[in-house]
Amino acid sequence: MKWAAAALAFGLVVASVAVSDASAQATLRSVKQKGFLTCGANNGLAGFGLPDAQGNWTGLDVDFCRAIAAAIFDDPTKVRFIPLAAKDRFTALQSGEVDVLSRNSTATMSRDTQLGLDFPAVTYFDGQGFMVRKALGVSSAKEMNGASICTQQGTTTELNLADYFRANNMKYEVVAFATSDETFKAYDAGRCDAYTTDASGLYAERLRASAPDDHIVLPEIISKEPLGPAVRHGDNQWADIVRWTHNAMLDAEELGVTKANVDQMKTSENPEIKRLLGTEGKFGEAVGLTNDWAVRIIRHVGNYGESFDRNVGEGSRLKIMRGQNALWSKGGLQYGIPVR
């Protein structure tokens, strides 16, 4: 009887592991069966996620989804972008409407532990700031006591705003809207004194102002906003793919592997490059991909520095400095985990 009970218990454990393994591979299997990746995107933020009049999407977050598609299909076009308002983004991910959310979303403890989500990587280190009209005559956020401030509902922005004014013993009036588009249009129309969102968003939105040169971004950064892709909790394999897509792009930049030279670099004798590009080891197979997964990413999308530059950096209209998003070896926070 003891043997039978032990056998039954062992059988249950094996069955549980089998179910767990099957569940853990659900997203990758579903994406392969569909033949495309479904990516939750911003509904219009220059430099990060923005479709043109023909429906062609560009942006740093867009590039990240294209990189995942390239790793899986060797084709960065096998992505369907679903524009999502801030209040709808996490529900869309939880429900399975999208496979990954790549939409300037901040990783926080409550989102990680209460919403059933995981944030496998930080693709952009940001912080909340303020934009005002030069005519307002202020040079610091601490001069805005009693100001009316436009912000978006359902974001960490509202909470940070309240914390900042409370900590500095200042009063303010919040003017909140459901979407980022409504929020900025209200500010541009003069319905509030200041506009607050992530600093990267301020630079992007200023380009849309009726008179961009009439506005300035104040120097204060009032929060930590680690922005990155989100996935559903419990699918470890899928989280690994998302995590290592970012690491591959960072490692490629650090090792000097670019969109232009990636095929040439496959002959390199550098062991780090060999492992990254799949000429040594079976690291791609370990996450359910081919061993040239990183080659696919770099060939089609480029390394992190290339994506940053053309979307938000010096090669873009935004011209945002790398700053915290420089590689760790150049004084920044971006640190690619090694492939080994």
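Contact here means heavy atoms within 4.5 Å, and angles run from 0 to 180 degrees between N-to-C directions, with axes taken as lines fitted to C-alpha atoms, for helices over the stretch in contact. Helices (H or I, at least four residues) and strands (E, at least two) are DSSP runs, numbered from the N terminus. The model is predicted, and local features need pLDDT of at least 70, side-chain atom pairs count only at pLDDT 80 or more, and totals for chains, interfaces and linings use all residues. Residues are numbered from 1 along each chain as its sequence is written, and side-chain values use heavy atoms, with hydrogens and water left out.

Two strands are taken to pair if DSSP finds at least two bridges between them. Strand β1 is joined to β4 (residues 79–84) by six bridges, and the two run parallel. Within this pairing, T38 stands opposite R80 of β4, and A41 has P83 of β4 as its bridge partner. With β5 (residues 100–101), β1 pairs in the parallel sense over two bridges; there, G40 has L101 as its bridge partner. Strand β1 is mostly covered, six of its six residues being buried, where buried means under 20% relative accessible area, exposed over 50% and partly exposed in between (1.4 Å probe, protein chains only).

A search of the whole structure finds two disulfides, a disulfide being a pair of cysteine sulfur atoms within 2.5 Å.

C150 belongs to strand β9 (residues 147–152), whereas C192 lies in the loop between α7 (180–188) and β11 (194–198); the two cysteines are 42 residues apart and link distant parts of the chain. C150 counts as buried at 0% relative accessibility, and C192 is buried as well, with a relative accessible area of 3%. When the bonded cysteines of the protein are numbered in sequence order, the pairing is 1-2, 3-4.

Strand β9 is part of an open sheet of five strands, in the order β10-β9-β11-β8-β12, with mixed pairing. The edges of this sheet are β10 (172–177) and β12 (215–217), each of which pairs on one side only. Neighbouring strands of the sheet are turned by 30° against each other on average, direction ignored. Strand β8 (residues 128–133) pairs with β12 in the antiparallel sense over three bridges, and R133 stands opposite H215 of β12. Two helices are placed against this sheet. Helix α6 (residues 156–167) lies across β8, β9, β10 and β11 and runs at about 80° to β8. Helix α8 (residues 199–206) packs on the sheet and touches β8, β11 and β12, its direction making about 125° with that of β11.

A contact between helices is formed by α9 (residues 236–255) and α13 (residues 304–311), which pack at an angle of about 95° with their axes 7 Å apart. Helices α9 and α13 are therefore roughly perpendicular to each other; angles under 35 degrees count as roughly parallel, over 145 as roughly antiparallel, 65 to 115 as roughly perpendicular and the rest as oblique. On the α9 side, H246, M249, L250 and E253 meet Y304, G305 and S307 of α13. The residues of this contact divide into three nonpolar, three polar and one charged. In this division, Ala, Val, Leu, Ile, Met, Phe, Trp, Tyr, Cys and Pro count as nonpolar, Asp, Glu, Lys and Arg as charged, and the others, Gly among them, as polar.
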